[in-house]
Amino acid sequence: STVKQAAADKDENIRGMALRIARQHKLDVIPIINKLSGDGSALVRRECLIALRHNESQEAPHIWAMLANAHDGKDRWYLEALGLASDLNADACFEAWLAKVGGKWNTPAGRDLVWRVRAKAAPGYLVKILKDEKIPAESHPRYVRALDFHSGPEKDKALESLLDI
């Protein structure tokens, strides 16, 4: 098919276009995303994330976690694609990513994810970042501001725990 041919092209723009064509024609994007999620091109991986956004597949959070793990902490557009891809299923995506990285979440790229993802567990991790003495104080306003995008008892608990500093 044209989509398979495009997904195998040497040009990253054409590989990314394969996902756009598949979405436009309402094809099952999961097999294509599985094929392209390990692509060396951030452009292609961003297209994978965009294609995941409204996908209700059981595999979606795990694929998202794999794509999240490829975030280098420098590509703002990739981070935004991660946020958009997770917004309708943030809790499952964040949990899958945490399971994948284990205790090694506290990296520049990991802190970006905590900052951007709107999962219920994220406020607790934002507080861990704020309490981490190795994190420069000048970055704190960014993480405090991220709390504004959360609501509910998880946010309240996180804010209360900040008072224990």
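Figure 1. Of the 165 residues in the protein chain, 45% are buried, where buried means under 20% relative accessible area with a 1.4 Å probe, counting protein chains only. The accessible surface comes to about 9300 Å², and 53% of this area belongs to carbon and sulfur atoms; the areas come from the Shrake-Rupley method with a 1.4 Å probe. This is a predicted model, in which local features need pLDDT of at least 70 and side-chain atom pairs count only at pLDDT 80 or more, while totals for chains, interfaces and linings use all residues. Residues are numbered from 1 along each chain as its sequence is written, and side-chain values use heavy atoms, with hydrogens and water left out.

**Figure 2. The helices of the protein chain.** The chain has 11 helices and 0 strands; helices are DSSP runs of H or I with at least four residues, strands are runs of E with at least two, and both are numbered from the N terminus. Along its principal axes, the C-alpha trace spans about 60 × 30 × 25 Å.

**Figure 3. The largest nonpolar core.** This core holds 51 residues, and W64 and W97 have the most contacts inside it. A nonpolar core is a set of buried Ala, Val, Leu, Ile, Met, Phe, Trp, Tyr and Cys residues joined through side-chain atoms within 4.5 Å. Helix α7 (residues 90-101) contributes the most to the core, with 7 residues.

**Figure 4. The surroundings of W97.** Apart from neighbours within four places in sequence, W97 is in contact (heavy atoms within 4.5 Å) with W64, A65, A68, N69, W105, G110, L113 and V114.

Note on methods
Buried means under 20% relative accessible area, exposed over 50%, partly exposed in between (1.4 Å probe, protein chains only).
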